[in-house]
Structures are given as C-alpha cells and as structure tokens.
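Work through the following exercises with the sequence and the model at hand, and compare each solution with what you find yourself.

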Amino acid sequence: MLRKLRDQVKKHPGLIPQFFFICLGMGGAFLYLFRLARGPHVTWNKSSNPEPWNKLSPSYQYKFVAINTDYKNLKKDGPDF
C-alpha cells in the first residue's frame, strides 16, 4: 500500500501538500482527544475514584477557553463530599 502511495506521489507531486495537511489534521485531532482523555474530570477506573470531579477546586479552569469568567475569584458554593 505504501508502494502505491509512493508511486502516486511520484506521478502527481501536487498531492504532497494534501497528504501533509491530512496527516497534520489527524495528528492534531489525536492530540486533542488525548488531552481530553487525560483530564481530571475523566475516570477510567470507577472502583478507585468514581467521582473525580468532586476533588476539583472552584478555581480550576476546566474550559479550554474562558472569555468572561475569572476563575481566580470563584468560591465553592456547595459542601465537600
């Protein structure tokens, strides 16, 4: 399969940028999914810590981009579990 790909690239050199951007997009998507899977609010083992989001402080910035929220001044509203 890689041999066919190499032959096509030799015949049509205009495909090189297309392959580059496809690989770049797939790599970026993989890294973003890996980042989401390693977050503190995700649990992979429910027996050791079934609710990991209860241990987060109220000042933890869990959003990727927060435009109008200042997380430094937030206070916890509810009780500790």
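**Exercise 1.** Determine how the span annotated as "transmembrane region" is built.

*Solution.* The UniProt annotation, from an unreviewed entry, covers residues 15-34; such annotations may be inferred rather than shown by experiment, and their positions follow the numbering used here, with feature names shortened. The model is predicted, with local features requiring pLDDT of at least 70 and side-chain atom pairs pLDDT 80 or more, while totals for chains, interfaces and linings use all residues. Residues are numbered from 1 along each chain as its sequence is written, and side-chain values use heavy atoms, without hydrogens or water. Residues 15-34 are 100% helix and 0% strand, and their end C-alpha atoms lie 29 Å apart, where helices (H or I, at least four residues) and strands (E, at least two) are DSSP runs numbered from the N terminus.

**Exercise 2.** Find the aromatic pairs and classify their geometry.

*Solution.* Rings of Phe, Tyr and Trp (its six-membered ring) pair if their centres lie within 6.5 Å, and planes under 30 degrees apart count as stacked, over 60 as edge-to-face and the rest as tilted. By this rule there are 2 aromatic pairs. Phe20 and Phe21 are edge-to-face, at 5.2 Å centre to centre and 75° between the planes, whereas Phe30 and Phe34 are stacked, at 6.3 Å and 20°. Phe30 and Phe34 are 4 residues apart in helix α2, and therefore separated by about one helical turn.

**Exercise 3.** Is Phe30 buried or exposed?

*Solution.* Buried means under 20% relative accessible area, exposed over 50%, and partly exposed in between (1.4 Å probe, protein chains only). Phe30, at 56%, is therefore exposed, while Phe34, at 47%, is partly exposed.
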